[in-house]
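Trainee: Hey, could you walk me through this chain? I'd like to know how to read it.

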Amino acid sequence: MARQQSEPLSVYRAKPDFARTPEPAGVVAERAAGLPRFVVQRHRARSLHYDFRLEIDGVLVSWAVPKGITLDPGARHLAVHVEDHPIEYLDFEGVIPSGEYGGGDVIVWDIGTWELHRDDDARAAVEAGEIHLELYGEKLRGRIVLVRTSRGRNGKEQWLVLHKRDDAAIEDWDPEEHPRSVLSGRTNDEVKASPDRLWTREHGEVAVSAPTAFAGATDDELAALDDLGTKGTWEIGGRELALTNLDKVLFPQRDGDGAATKRDLIRYYASIAPVLLPHLVDRPLNLHRYPDGVDRKGFWQKQAPSYTPEWIPRWRNEDAGEGESETYLVADSAATLAWLANHGAVELHPWTSRIPDVRHPTYALVDIDPGPDTTWDQLVTLARLHRTALDHLGVRGYPKTSGQRGIQVWIPIEPVMTFDETRAWVERLSRAVARVVPDVVSDQWEKRSRGGRARLDYTQNAINKTLVAPYSVRAAPGAPVSMPIGWKELDDTDLRSDRWTLRTAAARLAEVGDLAAPMVSDRQLLTELV
Ligand SMILES: [Mn+2]
C-alpha cells in the first residue's frame, strides 16, 4: 500500500479545473497561486461532518460543519469553531483510529486556495467573529462568509457559514451529492475499506510499510550442511558459521518419529526462513534456549551474548531498568536463524511491537491455554467462540497451534494502541467468550483455583511479553512446530496443537501455503468493545 504524500496535492494544484467559473482560467490561476490554502475534509467520526480549515499563520484554523459548505446561496449552515490543526493535516485522507479524538474516516472533499475579501488580517477577522473569503477550490468557488453567532457552552463557539449570491453560487447545491475526494476520487467508504494512511494525535501521520522477501538456505547449502561431520564451518547466505555438536539429540523421539538433532534444528530454521523471518524482522527477540536438549531445563535469553557475530543486528532498549536486558538480537536472515539454532535457541519469541516504536504493538494476542482437565474438544469450542466474536466485530484473527496444547489467535493491528489498551480489549473479548461457557473457562490466575479448567490469557499483551512465533519449534519431544491454521481446520478431527513437527512443516506448507503471510501486512483498527 503506497503512502500518498503531498504529490496528489501538487498535481491537483498544477491542474485545477476552472471550467465552472466564468473568469478566464489564467486570471484566476494567477490570483490563486501563492495564496494560503484551505481544505474541506468529509469526516465520519461519531457523526458525519465537514471540517473546513483555513491556513492562517502556519496552522489550520478549523470549523466543524455538520451540513457541509455549500454553493447554495439560500443555505445557512452551523459551523462549530474547533481547535487549530497542524498544517501537515491539510491533505490528510485516511483513517483516525477509534479511541483517538475524532476516530473515523476522512477524505479530502475539497482543497484549494483562498484570500480575504474585505479585511486584511485573517487572524484578527476570526477573533472579531466575521471573515469574508474568496475560495478557489475544486468544488467550492466564490464568496463565503463565516459569522460567529454565540460563544456557546463549553467554550465551543457557534458560527454560521453561507455562500454569497455571486457568479459561483448554485441554488440547492448539496455537498452530499458530491461525495468523492478531490485527491483520490474515493468515497469515505472506499477509504475506510482500505486506508493507506493513518493519523494519530500523538504521532501525526503513521507510515504503513510493505513486507520484504527473505531468502532461505539453498539446496547446495543444505547439502553442504548434511555433509558436515559433527562440527565444521558452514557457509550460508555469504556468512561462515562455526557449527558444533551437530549430531547431538535435542529432541527425544515421539510416537515412533525419530529423535531430532541440532543439525535437524539448524536445517529446519535455515529452510523455513522465508516464511518465518517476516514475523521476526524489526522485532526484539526473546529466546528460549535448550543447549542440552529439551528434556533438560532450558533458560530464557534476552540479552545478546557477548560472542554474537558483528553481522547480527541488535537493538538497544534505552528504557531498560536496573538488571534488565539492554541489548536484544534481531533476526533478519537465514544465517542468523542458523546461528541461533547452533546455540540451542529452540523457541523464538518475537516482541509483538516493532522497532523503534516498541510501545505500540502490531498484534493483539489471544492465548487459549488449556487446563489439565480441558479436553481438545473444549479447546476447539473456545477457539470457535473467539472466531464468532471476532466475526461479529468485523475483526480478522489468524489462528495457529501453540505447538504444545493450546491455540492462539493473532490479531494484526495498526500500531496505535498501547499495550494497556490491547490487553483490555482482549480481556473484554475473552470475558465475553467465557460467559458463554463458564464451566469450561476459569478466570482464576492461580493454577490451583482453576479447577483444571482452561484460561484465556490476555496478560501476554504487554511490552516484552511474547508468544512463540509462527513456525517456531517448541521445546518438546518430537520437535513440534507452532503452525498457522485456517479457521475451517478447527473442524478437522485430526487437528492437534502438536500435530506438525520440524519434519512435517515443509510438506504442510507445500500443501496449504503460508497461512500466516497475510498477518504481516494486515492492519486493523480495533473497534470499541462495550
Ligand atoms: Mn472532524
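Trainee: Of the contacts with a separation of 6 or more, what share comes from residues 24 or more positions apart?
Mentor: That share is 66%. Keep in mind that this is a predicted model.

Trainee: How many helices and strands are there in the chain?
Mentor: You'll find 11 helices and 25 strands.

Trainee: And what does the C-alpha trace span along its principal axes?
Mentor: About 90 × 55 × 50 Å. The chain has 530 residues, and 43% of them count as buried.

Trainee: Let's pick one residue. Where is Arg 53 found?
Mentor: Arg 53 sits in strand E2, which covers residues 48-56.

Trainee: Is Arg 53 buried or exposed?
Mentor: Arg 53 is buried, because 23 other C-beta atoms lie within 10 Å, and the cut-off for buried is 20 or more.

Trainee: Which residues does Arg 53 touch, leaving out those up to four places away in sequence?
Mentor: Its contacts are Phe 38, Val 39, Leu 60, Val 61, Ser 62 and His 85. Arg 37 is 16 residues from Arg 53 along the chain, and their C-alpha atoms are 8.5 Å apart.

Trainee: New topic: sheets. What is the strand order in the open sheet with E16?
Mentor: The order is E17-E16-E20, so to read it off the model, look for 3 strands with antiparallel pairing. Strand E17 (299-301) and strand E20 (345-350) are the edge strands, as each pairs on one side only. On average, neighbouring strands in this sheet are turned by 25° against each other, direction ignored.

Trainee: How many bridges join E16 to E17?
Mentor: There are 3 bridges, and the two strands run antiparallel; E16 covers residues 285-289.

Trainee: Which residue in E17 stands opposite His 288?
Mentor: That's Trp 300.

Trainee: One more spot. Where is the place of Asp 498?
Mentor: Asp 498 is in a loop, between strand E25 (454-457) and helix H10 (505-512).

Trainee: It's in a loop, then. Why does Asp 498 count as buried?
Mentor: Asp 498 counts as buried because it has 20 other C-beta atoms within 10 Å, and the cut-off is 20 or more.

Trainee: Which residues does Asp 498 touch, again not counting those up to four places away in sequence?
Mentor: Gly 403, Gln 404, Ala 476 and Pro 480.

Trainee: What separates the C-alpha atoms of Asp 498 and Val 436?
Mentor: Those atoms are separated by 27 Å, and the two residues are 62 residues apart along the chain.

Conventions. Residues numbered from 1 in each chain as written. Predicted model: local features only at pLDDT ≥ 70, side-chain atom pairs only at ≥ 80, totals over all residues. Helix = DSSP H or I, 4+ residues; strand = E, 2+ residues; numbered from the N terminus. Buried ≥ 20, exposed ≤ 12 C-beta atoms within 10 Å, placed from the backbone. Contact = placed C-beta atoms within 7 Å. Axes fitted to C-alpha atoms, helices over the stretch in contact; angles between N-to-C directions.
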